Amino acid sequence: MEQFDEVCLNYFLKHQSQLFREKVASSLEEAEEFLEDCMAVVCDSLQEVKDYLDESGADISDMSLKDIEEASEVFTLPDGRYLVVEV
């Protein structure tokens, strides 16, 4: 099971509206539970995000790395990592 650190959880809490119209979490604990339930992943690079999305069956063949970075399900964490939340 993926472990989400405080940087990841805090960022998701503050930016969850990037992907959802309504709040899905209001505390670190709720955020962690939600991300675990969604089987969200943390990637170290955009190439790793692309590989993950490709392996999970997403149709990203026409997407550049910039397009992937701007996708609503990809959260660019302040420390340079990426959180991918597929719903």
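Modeller: Buried means under 20% relative accessible area, exposed means over 50%, and partly exposed is what lies in between, with a 1.4 Å probe and protein chains only as cover. This is a predicted model, in which local features need pLDDT of at least 70 and side-chain atom pairs count only at pLDDT 80 or more, while totals for chains, interfaces and linings use all residues. Residues are numbered from 1 along each chain as its sequence is written, and side-chain values use heavy atoms, with hydrogens and water left out.

Biologist: Why is E36 called partly exposed?

Modeller: E36 has 26% relative accessibility, which falls between 20% and 50%, so E36 counts as partly exposed. E36 is found in helix α2, residues 28-38, where helices (H or I, at least four residues) and strands (E, at least two) are DSSP runs numbered from the N terminus. The C-alpha atoms of E36 and V85 are separated by 9.8 Å, and these residues are 49 apart along the chain.

Biologist: What makes M39 exposed?

Modeller: M39 has 64% relative accessibility, and that value is over 50%, so M39 counts as exposed. M39 sits in the loop between α2 and β1 (41-43), and M39 has a positive phi of about 55° although it is not a glycine.

Biologist: How do you know that the side chains of D5 and R81 meet in a salt bridge?

Modeller: A salt bridge is a side-chain nitrogen of Lys or Arg within 4 Å of a carboxyl oxygen of Asp or Glu. For D5 and R81 the N to O distance is 2.9 Å, which is within 4 Å, so the pair qualifies. This pair links distant parts of the chain, with D5 in the segment before α1 (6-15) and R81 in the loop between β2 and β3, 76 residues apart. Side chains of opposite charge can pair when their charged atoms come close.

Biologist: Is R81 buried or exposed, and how do you know?

Modeller: R81 has 17% relative accessibility, which is under 20%, so R81 counts as buried.

Biologist: What makes E70 exposed?

Modeller: E70 has 54% relative accessibility, and because this is over 50%, E70 counts as exposed.

Biologist: Which residues gather in a patch of negative charge on the surface?

Modeller: D44, E48, D51, D54 and E55 gather there. Patches are made of residues with over 30% relative accessible area and no salt bridge, like charges being joined within 9 Å and nonpolar side chains (Val, Leu, Ile, Met, Phe, Trp, Tyr) within 5 Å. Asp and Glu count as negative. D51 lies in helix α3 (residues 46-55), and D51 has 36% relative accessibility, so D51 counts as partly exposed.

Terms used. Accessible areas come from the Shrake-Rupley method with a 1.4 Å probe; for residues, only the protein chains shown count as cover. The place of a charge is taken as NZ of Lys, CZ of Arg, CG of Asp or CD of Glu.
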